Structure formats: C-alpha cells, structure tokens
Amino acid sequence: MKVTFKIFRFNPAVDSSPRWSVYEVEVDKSATILDALLKIKENIDPTLTLRYSCRQAVCGSCGMVINGKERLACFTRVLELNSNMITIEPLKNFPVIKDLVTDFTELFVKEKTIKPYIIRRDLEEMMKPVGMYLQKEEETLSYLQFAECIECGLCVSACPTVSIDRLFLTPMVLNKAYRFSIDPRDEGFEERLSIIDSEHGCWRCHFALACSNVCPKGIDPGKSIQYLKNMITSHSLLELFLGRTKKKKKTELLERPHISSEPEI
Amino acid sequence: MRESVKMLLHYITGVLILITGAIHVLSGHFEAYGLIKSAELYSINKLIFLASILYHALNGVRVVLIEFVPKRWFTDSITLVLIIIGLAFFIYTSLLIF
Amino acid sequence: MSNVGARKSRGRVTGWLKIRGYSIEKVMYLVQRISGLMIVGFLLWHLLDTNQAYLLITELQILFGVIIIFHALNGVRLVLAEYGFIVGKPIRAVYPYKFTTLRGLQRLSVALVIVVFIILTAIWILNIVGVIG
Ligand code: SF4
Ligand code: SF4
Ligand code: FES
C-alpha cells in the first residue's frame with residue numbers, strides 16, 4: 001500500500017525556517033513508522049535525520065509527533081493510523097537539533113536535580129551488609145508501574161504546563177521523583193523536597209492528563225504525580241503542626257549471618 | 001511558606017467559598033423565612049467569604065502568572081506584590097461591609 | 001540550570017491550547033483556567049463597582065452564573081483527583097496497558113461533573129429568565 005509522508009525538515013545551522021518534505025513509500029501490514037522512515041532515508045533522501053536505537057520501545061530515542069499526537073516511531077504501525085497522509089514532526093517543547101532529532105539536555109539537567117536514585121542513610125550498613133532486603137509483592141507494586149519509564153519525553157512534549165512554563169519539572173521527572181520517594185528502600189524524600197515542592201515543582205501539574213494519554217509504556221504519570229502531591233502535603237502538614245515527620249515503612253531486613261562483611265579470597 | 005501549603009490553602013478556601021457563598025446568596029431567603037436573623041453572623045460569614053475568595057483568586061492569578069512568566073526573579077517577587085494587593089482589597093471591602 | 005530555556009523550542013503556547021488527540025480532561029483544564037480568570041475579572045468589578053449596575057444585564061448574569069457553576073464543580077473534582085483519591089491504585093504495567101486515570105472512578109467523576117453542570121445550568125437559566133423560581 002502506498003502511503004504519503006509529510007516530514008518536518010529543519011537544520012538550524014543552515015535553514016532560517018523549517019520546511020516540509022513529502023515522500024511516497026510502499027508499506028506492508030507490519031511496517032512501523034520507523035521502518036518507513038528508514039526506507040525513505042535509504043532509498044529516497046539520505047539527508048533525512050532521525051534518532052533511534054532499539055526498534056522495540058525500550059531505548060526511548062525515537063519519540064516524535066505523528067499525525068498530531070506524540071508516539072514512538074518504532075511502536076506505531078503505519079497502517080494502524082488509518083490514514084494515507086502521515087505528518088511527522090519532532091517532539092514539541094524541545095529544541096530541534098536537526099529534522100526529527102530533539103535536544104534532551106535541559107530535561108536531563110532537571111532530572112538530575114531530583115536525585116533519581118535510591119538514597120540510604122546508614123553508611124555502616126551499606127559497607128558491612130548483614131542481610132538482605134527482600135521486598136514483599138505489595139511493596140514492589142507501590143512503585144513498579146512508575147519504574148518502567150524509558151525517558152522517551154513523549155509526556156514532556158504533550159504536557160500543557162511544560163509548553164508555557166519552561167522551568168516546570170516535567171511529568172517525566174516528577175514521575176521519577178515519586179518512583180524513588182515511595183520505594184521502601186529509599187530514604188531521600190526530604191532531600192528531594194526542596195525541588196519538587198517548589199513553585200515550579202509538582203504543583204504546576206493541573207491534572208490535564210495529556211501525559212497519561214501519550215505514555216507508550218503504561219506508566220500513567222498523571223497518577224504518580226497526584227500521589228506525590230498527597231505524599232508532600234501530608235509530610236508538610238505533619239511538619240507544620242507536629243514538628244515531626246512520619247516514619248516511612250521500610251522493607252524488613254532479613255538477617256543472613258552467613259554473609260560475611262570480609263570478602264572471601 | 002511551602003508551595004504545598006499554599007496550594008492546600010487554595011483548595012481549602014475553594015471549599016470555604018462554596019459554603020460561605022451559599023450562605024451569602026441564601027441569607028435573604030433565610031431572613032425572609034425567619035430562620036436565622038443574626039446580622040453579626042452574616043457579617044462574619046461575609047468576612048470569611050471575602051478573605052477566602054481573595055486568597056483563592058489571587059493565588060490562582062499567581063499560579064497563572066508564574067507559569068506564563070517563568071523567570072526566577074518574577075517567581076520570587078510576585079507573591080509579595082499579590083499579598084499587598086490582597087490586603088489592600090480586604091481592608092477596603094471590609095470597611096464597606098461594616 | 002543556567003541554559004535552561006535558552007534555546008527556542010517548538011510548541012510553546014500552541015501546545016497549551018492543543019486539544020485534538022488528547023482526552024477530555026485537558027479540555028476541562030483549559031476551561032477551568034479560563035473560567036477562573038473570568039471570575040477574577042468579575043470579582044474585581046463586583047468589589048469596585050458598588051452600584052452593581054451590571055446585575056441588570058441578563059446575559060452577563062447568565063454567563064457568570066454558568067462559569068461559576070463549572071469552576072466550582074470541576075474544582076471539587078480536581079481537589080479529589082490532585083490528592084490522589086480518585087486516580088486508581090498503582091498496577092502492573094503489562095501490555096495492553098491500562099491507564100487507571102483515564103477510566104474508572106476518575107472518568108465517572110468527569111461524567112458526573114458534566115451532568116450536574118448541565119442540570120444546574122438549566123436551573124440557573126430558567127430561574128433568571130423567570131420560568132421557575
Ligand atoms: S497531568 Fe500534569 S504533568 Fe501530566 S500532562 Fe497534565 S499537567 Fe502535565
Ligand atoms: S513517563 Fe512515559 S511518556 Fe514519559 S518519558 Fe517515561 S515512558 Fe516516556
Ligand atoms: S527505537 Fe528505541 S524506543 Fe523506538
């Protein structure tokens with residue numbers, strides 16, 4: 001079947017304004033948008049630039065706006081869109097490097113500020129472990145859905161707040177903040193608080209759910225952000241009125257006496 | 001004040017507006033049926049209503065503004081400006097009520 | 001974060017207004033914000049203009065009643081949603097993906113807001129026009 005592709009072309013180093021290129025490609029039932037784009041690059045126009053790596057919705061590099069909605073090129077079949085004319089643009093809310101490739105630097109700078117890793121306080125225990133922290137199923141379930149993020153940036157492109165407030169932490173980063181804060185092994189919630197509870201933190205999310213509409217991995221950032229707000233509010237209320245904070249429920253330590261702290265040689 | 005507390009107040013005042021606003025609108029009916037006659041109660045109700053609505057409105061404006069002007073200096077100073085405006089309005093209108 | 005926002009990105013402001021392709025919650029977010037700003041304007045007018053001559057204009061009265069009704073109803077829904085009460089529990093993200101925010105209790109609350117909004121609006125307009133009340 002022949003399908004027409006209308007693709008956004010822009011090279012900031014040379015062009016003063018973007019232009020559109022139109023290509024016709026023969027596709028079969030199984031072809032994804034990424035396949036079609038690569039076909040164009042190989043057979044018609046080698047100057048077309050795009051970014052991809054895994055081809056299976058794992059690496060998160062091929063996000064683009066396809067027919068007006070943010071999708072992964074490798075995770076969208078051409079024929080499932082049910083249209084003869086397919087418009088492809090780079091992600092919104094990101095600077096364009098060239099054609100369909102966008103610059104994620106800002107996003108990753110923001111992500112670093114919320115410390116997206118598990119933080120532990122007891123250095124002693126970390127250096128000389130005496131057992132293991134075996135999570136129960138419900139403990140894992142509290143964060144598992146939100147841990148699946150591939151950092152594709154689709155939610156960032158869709159979010160109405162990001163489109164006007166460029167200091168907003170973005171749904172991807174806030175989802176990450178919740179994923180690590182709710183993790184029963186983590187003790188770093190207070191350290192993240194000054195960033196996620198700031199003027200451009202989680203309270204600038206207004207539950208428009210554009211992020212949940214486009215997430216290709218079923219993360220539902222709209223949900224984790226609201227839970228994050230709940231967590232932050234109860235924390236700051238307790239601190240305000242009782243001057244103390246709730247002890248977080250932690251995973252139980254299963255002692256394993258046979259784990260020796262001295263490495264065996 | 002933390003952003004979470006500001007937003008919690010935003011929601012609380014939102015609900016308060018609903019309650020006191022209903023009393024404010026229905027007070028005429030109450031008095032007509034001779035249910036509650038105390039003028040002081042209605043004045044207090046009006047004051048709570050006024051304070052809530054000023055907070056809710058100005059905080060809403062603040063939220064819209066800091067999103068549309070995402071500059072650090074603006075984010076830091078807008079709160080103070082709006083507090084002054086809010087207090088001025090509150091004093092002016094409460095003088096009108098009494 | 002010194003160079004954050006230093007370079008131009010596509011989709012500023014137009015992305016804020018874009019509705020096609022997303023679900024109804026985004027429309028409600030836009031209406032909530034715009035109605036809020038209109039109410040602020042109305043409030044300033046109400047506080048400064050003590051003659052309240054505008055109350056005589058029926059169309060204005062109807063308009064402000066309608067936006068206040070929407071803002072209040074949707075506001076209650078947003079409070080419940082933003083504290084995580086109606087967005088559903090965390091689930092396993094297995095294909096085909098389910099988004100608990102886009103179904104179940106949350107969607108029900110959206111439908112409820114719309115239905116109650118229509119009923120109250122009808123009562124309000126009929127009341128002003130003088131059919132009832
Ligand atoms: S739910 Fe919040 S974070 Fe997600 S798109 Fe809407 S405003 Fe952005
Ligand atoms: S939350 Fe979803 S849409 Fe957002 S970056 Fe992660 S995988 Fe992509
Ligand atoms: S190529 Fe890796 S997610 Fe599409």
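**Questions at the model**

Guide: Ligand 2 has these residues around it: A:Cys149, A:Ile150, A:Glu151, A:Cys152, A:Gly153, A:Leu154, A:Cys155, A:Met172, A:Cys215, A:Pro216, A:Ile219 and A:Pro221. The model is predicted: local features need pLDDT of at least 70, side-chain atom pairs count only at pLDDT 80 or more, and totals for chains, interfaces and linings use all residues. Residues are numbered from 1 along each chain as its sequence is written, chains are lettered from A and ligands numbered from 1 in the order written, and side-chain values use heavy atoms, without hydrogens and water.

Visitor: What makes a residue count as near a ligand?

Guide: One of its heavy atoms must lie within 4 Å of the molecule. A:Cys149 is one of those around ligand 2.

Visitor: How do the residues around ligand 2 divide by class?

Guide: There are 10 nonpolar, 1 polar and 1 charged. Nonpolar means Ala, Val, Leu, Ile, Met, Phe, Trp, Tyr, Cys and Pro; charged means Asp, Glu, Lys and Arg; the others, Gly among them, are polar.

Visitor: Why is A:Asp99 called buried?

Guide: Its relative accessible area is 2%. Buried means under 20%, exposed over 50%, partly exposed in between (1.4 Å probe, protein chains only). So A:Asp99 is buried. A:Asp99 sits in the loop between strands E6 (96–98) and E7 (101–102) of chain A.

Visitor: What is A:Asp99 in contact with, beyond neighbours within four places in sequence?

Guide: Contact needs heavy atoms within 4.5 Å. Its partners are A:Phe8, A:Arg9, A:Phe10, A:Thr47, A:Leu48, A:Thr49 and A:Pro90. A:Pro12 is 87 residues away in sequence, but 9.1 Å away C-alpha to C-alpha.

Visitor: Which residues of H4 (137–144) of chain A are buried?

Guide: A:Glu139, A:Ser142 and A:Tyr143. They cover an arc of only 75° around the axis, so they lie on the same side of H4(A). That arc is taken over directions from the helix axis to the C-beta atoms. An α-helix has 3.6 residues a turn, so residues three or four places apart point the same way.

Visitor: What does the buried side of H4(A) pack against?

Guide: Helix H7 (171–182) of chain A. The face turned away carries exposed A:Glu137 and A:Glu138.

Note on methods
Helix = DSSP H or I, 4+ residues; strand = E, 2+ residues; numbered from the N terminus.
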